[in-house]
Every structure is written in C-alpha cells, then in structure tokens.
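Colleague: Hi! Could you walk me through this model before I set anything up?
Modeller: Happy to, here it is.

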Amino acid sequence: LFSTMSELSKYLSDLSPVVRGDDDALAFGCHCALLDGGFVASDDTGCEVKALCADWNSGGVYVFHYRHQASSMSYLVKMVPMESRLAILGMAKEDPKVQTLVLTIGDFVAEHDPTDDPASRYKNVPMLFSVVEAQMTRRLVPASDAEARPAPSGPEARATR
C-alpha cells in the first residue's frame, strides 16, 4: 500500500506539484491515493498522462481524469474545497451515479513550514489512503482488487451516495 511518508515524499519529488495551500495539499494527497488504488491519470480523452498539468490547481476546483486497471471505463473526479472540508465527487463517465466523499482538511494536512520537506505537510497518510480507497475507489470500481481490504470507520470521513 502506497501509504507511508517516504513513498509520499518520492511521489511529491517525482511529480513536483506546486502546492499553494492546504486544499491543494489534500487534493494532491487524494490524487495519490487514487493512483495507489489502481487508477491511471489520463487526459479528458482517456490517454494516459504521467505528470500533473501546470494549472492543475488554478481554478478553485480540482479536476482529474482517470482510467482504472480493472475496468474499461473512464472516470471523472472533481474535488471542491468548502471552508475546512474537501468534497470529492467521482463518477464513471459511462455511469450516471456520482459518488461523494467529504474530508476534513485538518485531519490530513498539518501545519507546514515552507522550508520543510513537502511531505511534512501531511499527517494520517495511511488513514487518508484507506478512506479514499474504501469510500471512493471501491464505489467507483466495485470489481477492483481493492475490495479485499477492510473499510475504515470513524469520524475522519463522511461519505454519502
């Protein structure tokens, strides 16, 4: 499972995202969790992409396109900052059901000194990855191998359908 700080540090180093605030940090962390869950970043036509586009965080709403290793469908995930929360909306483009996950930013993003290692901005990384997997990945791609792992419980995430 891609959920340790050293692995997150490597991913931050490989993609070099420009993270301007706490909502950027959590959106990027959720993107990493989705990649860990078998999603493959793609453009809006379904072609695989290896890096974040330069303006990934410029519009106030984060928009990611994916394919999944266990599915032939295309997925759209939008993340919307709302005060101290990040609402994550995901759907298969071929399926009208929208899955929703709401995370509290402070549960996963720590106070951060910009001179520190970018990974120091994160906390509770294993829980973040577990919650995203259980409440987004499994709902979007129910036949994925992610079903074999137990779902987290607790106040860290509030999910609705």
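Colleague: To start, what percentage of the residues in the protein is buried?
Modeller: Of the 161 residues in the protein, 45% are buried. Buried stands for under 20% relative accessible area, exposed for over 50%, and partly exposed for what is in between, with a 1.4 Å probe and protein chains only. This is a predicted model, where local features need pLDDT of at least 70 and side-chain atom pairs count only at pLDDT 80 or more, while totals for chains, interfaces and linings use all residues. Residues are numbered from 1 along each chain as its sequence is written, and side-chain values use heavy atoms, with hydrogens and water left out.

Colleague: Thanks. How many helices and strands does the protein have?
Modeller: There are four helices and six strands, in the order α-α-β-β-β-β-β-α-α-β from the N terminus. These are DSSP runs numbered from the N terminus: H or I of at least four residues for helices, E of at least two for strands.

Colleague: What share of the contacts joins residues at least 24 apart?
Modeller: It is 52%, taken among contacts between residues at least 6 apart in sequence. A contact here is heavy atoms within 4.5 Å.

Colleague: Switching to pockets: how much space lies in the largest pocket?
Modeller: About 400 Å³. Ser-42, Val-49, Ala-51, Leu-52 and Phe-64 are the closest to its centre, out of 25 residues that line the largest pocket. Two or more lining residues come from each of α1 (5–15), α2 (22–36), β1 (39–42) and β2 (62–68).

Colleague: How is a pocket defined?
Modeller: On a 1 Å grid over the protein atoms alone, a pocket is an open set of points with protein on both sides within 12 Å along at least five of seven lines, for a 1.4 Å probe, and lining residues have an atom within 4 Å of a point. The volume is the space filled by probe spheres set on the points, which are joined across faces, edges and corners.

Colleague: How does the lining divide into nonpolar, polar and charged residues?
Modeller: It has 15 nonpolar, five polar and five charged residues. Ala, Val, Leu, Ile, Met, Phe, Trp, Tyr, Cys and Pro count as nonpolar, Asp, Glu, Lys and Arg as charged, and the others, Gly among them, as polar.

Colleague: Let's look at α2. Is it mostly covered or uncovered?
Modeller: Mostly covered, with twelve of its 15 residues buried. Among them are Phe-28, Cys-30, His-31 and Cys-32.

Colleague: What should the 15 residues of α2 span?
Modeller: They should span 21 Å at 1.5 Å a residue, and the end C-alpha atoms of α2 are 21 Å apart, which agrees. The expected span is 1.5 Å times one less than the number of residues.

Colleague: Which residues is Ala-25 in contact with?
Modeller: Val-19, Val-109, Arg-121 and Tyr-122, leaving aside neighbours within four places in sequence. Ala-25 sits in helix α2 and counts as buried, because its relative accessibility is 0%. Ala-25 and Tyr-122 are 97 residues apart along the chain, yet their C-alpha atoms are separated by 7.7 Å.

Colleague: And Tyr-62, is that buried or exposed?
Modeller: Tyr-62 is buried, at a relative accessible area of 3%, and belongs to strand β2.

Colleague: Backbone check now. What is phi of Glu-83 near?
Modeller: Near 55°, a positive value in a residue other than glycine. Most residues other than glycine have a negative phi. Glu-83 is in the loop between β3 (74–82) and β4 (85–92) and counts as exposed, because its relative accessibility is 81%.

Colleague: Where is Asn-124?
Modeller: Asn-124 is in the loop between α3 and α4, and its phi is also positive, near 55°. With a relative accessible area of 43%, Asn-124 is partly exposed.
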